[in-house]
Amino acid sequence: MKKFFLAIFLITCITGYSTAQNVRITITGIRSNAGKVLMMMQSSQTEKPFQDMKEATVDSCSFIFKSVNDGTYKISAFHDENGNYQIDKDEKGIPTEGFVIKSITVKDGIITNVDQDETVNLKLFYPKSVK
């Protein structure tokens, strides 16, 4: 009977094992120290999104999301220069603050479409104001 429960326990442990990966994301192209950089990484699954924010620093800042399971994720970030926690848009609906969107895939603990150092490098895009 002990062997039976031990076997069930081992099977449960093995099938519950997943290859979780830490994902490091570096945002570059930050044009000022004003405000914060807000980041979200959402799986196509119904998992709770990974979210973080940091004080803006000219040029770059980095985020690390721990224990990211296999799957496809959409990364979105923006530079909230005025501190209202939303991306501002002009009268035509064009964002006026820097932003970036990218999809990545984590499979077997490996992140696709990243640089050699396994960092997801993203550059903010600041649209020109059209008046």
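I began with β1 (residues 21-30), which runs antiparallel to β4 (residues 59-68) and is joined to β4 by 8 bridges. Before going on, I noted that the model is predicted, that local features need pLDDT of at least 70 and side-chain atom pairs pLDDT 80 or more, while totals for chains, interfaces and linings use all residues. Residues are numbered from 1 along each chain as its sequence is written, and side-chain values use heavy atoms, with hydrogens and water left out.

For the terms, I kept to DSSP runs numbered from the N terminus: helices are H or I with at least four residues, strands are E with at least two. Two strands pair if DSSP finds at least two bridges between them.

**The open sheet**

Which strands form the open sheet, and in what order? I read off 5 strands in the order β3-β2-β5-β6-β7, with antiparallel pairing. β3 (50-55) and β7 (110-111) are the edge strands, each pairing on one side only.

I then went through the pairs around β5. Strand β2 (residues 36-43) and strand β5 (residues 71-80) run antiparallel and share 8 bridges. Met-39 sits opposite Ala-77 of β5, and Leu-38 sits opposite Phe-78 of β5. On to β6 (residues 99-107): this strand is joined to β5 by 8 bridges, again antiparallel. I noted Ser-76 with Ile-101 of β6 as its bridge partner.

A reminder to myself: strands of a sheet pair through backbone hydrogen bonds, either parallel or antiparallel.

**The whole chain**

I counted 1 helix and 8 strands in the protein chain. Along the sequence the pattern reads α-β-β-β-β-β-β-β-β.

Of the 131 residues, 31% count as buried; buried means under 20% relative accessible area, exposed over 50%, and partly exposed in between, with a 1.4 Å probe and protein chains only. For contacts (heavy atoms within 4.5 Å), I looked at pairs with a separation of 6 or more, and residues 24 or more positions apart account for 68% of them. The chain exposes about 8700 Å², 56% of it supplied by carbon and sulfur atoms. That area comes from the Shrake-Rupley method with a 1.4 Å probe.

Why is β5 largely enclosed by the rest of the structure? I found 7 of its 10 residues buried, so the strand is largely enclosed.

His-79 is placed in β5, and I have it as buried because its relative accessibility is 0%. Its side chain reaches the backbone oxygen of Ala-34 at 2.6 Å. Leaving out residues up to four places away in sequence, His-79 touches a list of residues including Ile-30, Arg-31, Val-37, Glu-97 and Tyr-126.

I looked for a charged partner and found none: Asp-80 is buried yet has no salt bridge, and the nearest side chain of opposite charge, Lys-36, is 8.2 Å away. Here Lys and Arg count as positive, Asp and Glu as negative, and His and the chain ends are not counted. Among the residues Asp-80 touches, beyond four places in sequence, are Ala-34, Lys-36, Tyr-85 and Glu-97.

**Salt bridges**

How many salt bridges does the structure hold? I get 2, taking a salt bridge as a side-chain nitrogen of Lys or Arg within 4 Å of a carboxyl oxygen of Asp or Glu.

One is Arg-31 with Glu-81, the closest N and O atoms being 2.9 Å apart. This pair links distant parts of the chain, 50 residues apart: Arg-31 in the loop between β1 and β2, Glu-81 in the loop between β5 and β6. Arg-31 is partly exposed at 48% relative accessible area, and Glu-81 is partly exposed at 21%.

Another is Glu-55 with Lys-36, at 2.4 Å from N to O. I placed Glu-55 in strand β3 and Lys-36 in strand β2, 19 residues apart.

Definitions and conventions: Polar contact = N/O pair within 3.5 Å; in protein donor to acceptor, adjacent residues only side chain to side chain.
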